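Hi there,

Here is the structure I promised to send over. Have a look at it first, and then read on for my notes.

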Amino acid sequence: MKHHFCYLLEHWFTHKDEGRWLLATIVQTRGSAYRKAGAMMLFNDSGDQFGVVSGGCLESDLYHHAQKCWMTGKARTVTYDMREEGDVAWRLGIGCGGEVTLLLQPVTADNHYLYLADVRSMLNNHQSVLYCQNKTMNSAKVYTGDAANSTESFCHVIEPPPTLLILGGGVDAVPVCDLASRIGWRVLVNDERARYARPTDFANAVQCTKEPAGSVNNVTDYQQARAVIAMHHQVSLDAECLKAIAAEPPSALQYLALLGPTHRTQRVLEQAMLRSCDLPTPLQSPAGFDIGGELPESIALSMLSQAHAALHNKSYQTNFIIEDACSA
C-alpha cells in the first residue's frame, strides 16, 4: 500500500465501521527520528497497520498501547526515547538516538471519526488541510484557514499527493509513471500521437489523454500539476507544449524539465520562440540529476529524484539554462 495519508484514508473509509480503529500521530520529535511531527498511521483491532511512523520498529509496541486506548475509549500520548537505555525504544534496538512522542486517538462514530472523512474529501479535491487534534479530549477539527497551536492541541498541514504531468507517452515514460505512482504521486500522461500514452501501458496513471501538445492546458487537472516533464523525443511537439506552458502555466508548478541534451533544448526553445526566462520556473535540461544512468529506469530515477527535491524545497537546480538574452 502507498503510504501517503490520503491512500490510507481511502482504505479506512471503506472499512471505517468494521471493528475498532485508532489514529497514531507523531506530535513531537527531538534529535534523529525516522519521521517527523505530523506523520500519521492507522491501526485496527484485527492487527492491521496502515502507514508508518518508524522503520517498523515502534509499530508493534504501539499496537499494545492502541488496545489500551480501545479499552478506555480515551486518547493517550506515548514517548519513545532512543537515548535512554531503560526505555522500550532502546530495548527494541532502534538506535536512532532521538525522541519521538505520539498521540493515539480512537476513531469512532461518537467523535465524528475525528473528521477523517472530511480530510479525505478535501485531499481528493486537491486541497491542503489544516488538521488540529486535541491531545486530551480525543477530538479533532479541520480548518481551511489558519488555526493556532495550543498546549491542548496539535495542528499540522496535510498536503494532497503531488501531481506529475508527463508530456510524451513513449516506452521510456512508462518507468517514470510507475516510479512516481509508487512513491504516491498522481500521474497524468498526455500524447497526441495514436500509438502513444495508451492506458494499457500506463496502468498506474490517473489518466491518459490525447490533447494536442499546443493545447496541453486542456488536460484535466492540468492546473494541479506540480511537476511537468516533457519527453516527446520530437522537437516540434516539445516546442508546442513548452509554448503552451509559458502562456498558461499550471498554478501549482514547481518543477519543469525537458528530456535531452542542452543543444537540443536550445533548438526546442528557438522553435517555440521562447527564452528560458519566459518559462514560469527554471527549465531543467538535461532533465534529472547526473547519476550515470543510461537505461529508462535509471533516467526515470534521476528525473524523479530531481523533481522530488524541487517539490520539497531542496537543492535541485543543477542544469537549468542561462541565456544572455534573459538578463539583457
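Below is what I found, taken one region at a time. Please keep in mind that this is a predicted model.

Let's begin with helix α8, which covers residues 296–311. The buried residues of α8 are Ala300, Ser302, Met303, Leu304, Gln306, Ala307, Ala309, Ala310 and Leu311. They pack against α5 (174–182) and against the strands β9 (163–167), β12 (225–230), β13 (255–258) and β14 (283–284). Just after α8 comes Asn313, with a positive phi of about 60°.

Next, a pair of helices: α1 (residues 5–15) and α4 (residues 116–124) have axes that come within 10 Å and cross at roughly 125°. The two are therefore oblique to each other, and the crossing is left-handed. On the α1 side, the contact is made by Phe5, Cys6, Leu9, Glu10, Trp12 and Phe13, while α4 brings Leu116, Ala117, Val119, Arg120, Leu123 and Asn124. Sorted by type, the residues of this contact are nine nonpolar, one polar and two charged.

Finally, a loop residue: Thr220 sits between β11 (207–209) and β12. Its relative accessible area is 48%, so Thr220 counts as partly exposed. Leaving aside residues up to four places away in sequence, Thr220 touches Leu188 and Gln207. Thr220 and Thr209 are 11 residues apart in sequence, with 8.6 Å between their C-alpha atoms.

Happy to chat about any of this.

Best wishes

Key: Residues numbered from 1 in each chain as written. Predicted model: local features only at pLDDT ≥ 70, side-chain atom pairs only at ≥ 80, totals over all residues. Heavy atoms only, no water. Helix = DSSP H or I, 4+ residues; strand = E, 2+ residues; numbered from the N terminus. Expected span 1.5 Å × (residues − 1). Buried < 20%, exposed > 50% of the residue type's maximum accessible area, 1.4 Å probe, protein only. Contact = heavy atoms within 4.5 Å. Axes fitted to C-alpha atoms, helices over the stretch in contact; angles between N-to-C directions. Parallel < 35°, antiparallel > 145°, perpendicular 65-115°, else oblique. Left-handed = near helix turned anticlockwise from the far one by under 90°. Nonpolar A, V, L, I, M, F, W, Y, C, P; charged D, E, K, R; others polar.
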